[in-house]
Each structure stands twice: as structure tokens, then as C-alpha cells.
Amino acid sequence: MKSVRLLAGLCVASLVLAATTRAQEPPKPGPELAKLKDLVGTWDATMKFGDMESKATATYRMGVGGLWLLSNFNGDFGGMKFSGHGVDGYDTTKKKYVSVWVDNMTTTPMLMEGGYDPAGKVLTMTGEMPGPDGKLAKSRSTSEMPDKDTILFKMYTADAKDPMFTITYKRKPQEKK
């Protein structure tokens, strides 16, 4: 008899939870996502690391109900195939832009957060990434959009004044907005 009451109680609790979940409206993309939405399209990328230079292609699209910018990056790095994926959005709880990056060069995701400068031209993010020794190291990136068709990305480790690498993105002509 106790098991029947327990089962009935669990059924009622499940129904209440399901009704409450359905009653909540899913979040809608806020105005902060307009900046990320501007990146949607296909981009040619030129990466510079020391005296090495390599080419790549990046594609961006909005996904997951328009709440997240999903990116794919494919190219070569030092003669090796390189691929990475990013998920970027705006965390309304933190009031910050957030980013997760994974690629085929490490098993550790890079997690970053940050915001735009007052002019809305430069996004600065901070977080941690695997350093040359494999241990997590502080990192900082800047993404500057001098115009709608160009992104100047710089990645720094720790408190370095010079970037570890840079990527210049140029929107493919058929993607111009």
C-alpha cells in the first residue's frame, strides 16, 4: 500500500513539475545578442603565430533559439589540419558575454567572459586556456570590428603586452550585409 501511495505521489509531483515547466516562457534573445548576430556568415581568416601564417575559414550562425552564436573554424596550423568550434552568448545573470571554445589541439575547453568597450567596437574576454606546459594559464582576447566586414582578433596569455597570435577575419563577399 505504501508503494502505491509513493507511486501516486511521484505521479502528482511529475504532473505539477511538467505543468510549471510548460508555463514558463523560454528566454528570448536580448539586445546584447545583436552584436553577435552581426557575425553570422562565412569569413576568410588569416592567422599569424610568430613568423608563421596560415589560412582558414570560419562560419557563424545563430542557434539554440537564437540565444547562442555557433562557430566552426577550419584551416591548417603549422602544416596540420586545425578545426575548432565555439559557442558564444550573453549571460543575463552575469551581465557578461560568455564563450566556450574547443578544438582538435587540446582536450581542455577554453572558457571566457567579458564585455564591450563603451563605443561597442572591442569585445575583451578573459579566462583560462592550456598554456605551453599544458597547465591552465590566464588568457585574454580582444575582438575589434573596425567595420561590418572585418574582425581583428588577438589572443594574449597571462599579462603579456604582445599577442600570442592574431587572426584577421574578412567576410566573404557574398556574405556582406
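A residue counts as buried when its relative accessible area is under 20%, as exposed when over 50%, and as partly exposed in between. The exercises below apply this to a predicted model.

**Exercise 1. Decide whether Tyr90 and Tyr97 are buried or exposed.**

Step 1. Take Tyr90. Its relative accessible area is 18%. The limit for buried is under 20%, so Tyr90 is buried.

Step 2. Take Tyr97. Its value is 8%. Tyr97 is therefore buried as well.

Step 3. Of its 177 residues, 29% are buried.

**Exercise 2. Describe the overall fold: how many helices and strands are there, and in what order?**

Step 1. Count the elements. The chain has 2 helices and 10 strands.

Step 2. Read along the sequence. The pattern is α-α-β-β-β-β-β-β-β-β-β-β.

Step 3. Strands of a sheet pair through backbone hydrogen bonds.

**Exercise 3. Trace the pairing from S7 to S10. How many bridges join S7 to S8, S8 to S9, and S9 to S10?**

Step 1. Start with S7, residues 122-130, and S8, residues 136-147. They run antiparallel and are joined by 9 bridges. Gly127 has Ser139 in S8 as its bridge partner.

Step 2. Move on to S8 and S9. This antiparallel pair has 7 bridges. Glu144 faces Leu152 of S9. The two strands form a hairpin, with 2 residues between them.

Step 3. Finish with S9 and S10. Their antiparallel pairing covers 6 bridges. Here Lys154 lies opposite Thr166 of S10.

**Exercise 4. Classify the ring pairs Phe73–Trp101 and Tyr90–Tyr97: are they stacked, tilted or edge-to-face?**

Step 1. Ring centres must lie within 6.5 Å, and planes over 60 degrees apart count as edge-to-face. By this rule, there are 8 aromatic pairs.

Step 2. Phe73 is in strand S3 (residues 68-77) and Trp101 is in strand S5. They stand 28 residues apart, so the pair links distant parts of the chain. Phe73 is buried, because its relative accessible area is 6%.

Step 3. The centres are 5.0 Å apart and the planes 70°.

Step 4. Look for a wider group. Phe73 and Trp101 belong to one aromatic cluster with Phe49, Phe77, Phe82 and Tyr169.

**Exercise 5. Which residues form the nonpolar surface patch, and where in it does Val102 sit?**

Step 1. Name the members. They are Val87, Val100, Val102 and Leu111. Together they have about 290 Å² of accessible area.

Step 2. Locate Val102. It belongs to strand S5, residues 96-103.

Step 3. A patch residue needs over 30% relative accessible area. Val102 has 36%, so it is partly exposed.

**Exercise 6. What are the phi values of Val64 and Ala158, and where do these residues lie?**

Step 1. Begin with Val64. Its phi is positive, at about 50°, although Val64 is not a glycine.

Step 2. Find its place. Val64 is in the loop between strand S2 (52-63) and S3. With a relative accessible area of 56%, it is over the 50% limit and therefore exposed.

Step 3. Turn to Ala158. This residue is not a glycine either, and its phi is positive, near 45°.

Step 4. Find its place. Ala158 is in the loop between strand S9 (150-157) and strand S10 (165-171). Its relative accessibility is 44%, so Ala158 is partly exposed.

Step 5. Look across to Lys138. Ala158 and Lys138 are 20 residues apart in sequence. In space, their C-alpha atoms are 4.7 Å apart.

How values were computed:
Residues are numbered from 1 along each chain as its sequence is written. This is a predicted model: local features need pLDDT of at least 70, side-chain atom pairs count only at pLDDT 80 or more; totals for chains, interfaces and linings use all residues. Side-chain values use heavy atoms; hydrogens and water are left out. Patches are made of residues with over 30% relative accessible area and no salt bridge: like charges are joined within 9 Å, nonpolar side chains (Val, Leu, Ile, Met, Phe, Trp, Tyr) within 5 Å. Accessible areas come from the Shrake-Rupley method with a 1.4 Å probe; for residues, only the protein chains shown count as cover. A salt bridge is a side-chain nitrogen of Lys or Arg within 4 Å of a carboxyl oxygen of Asp or Glu. Helices (H or I, at least four residues) and strands (E, at least two) are DSSP runs, numbered from the N terminus. Buried means under 20% relative accessible area, exposed over 50%, partly exposed in between (1.4 Å probe, protein chains only). Two strands pair if DSSP finds at least two bridges between them. Rings of Phe, Tyr and Trp (its six-membered ring) pair if their centres lie within 6.5 Å; planes under 30 degrees apart count as stacked, over 60 as edge-to-face and the rest as tilted.
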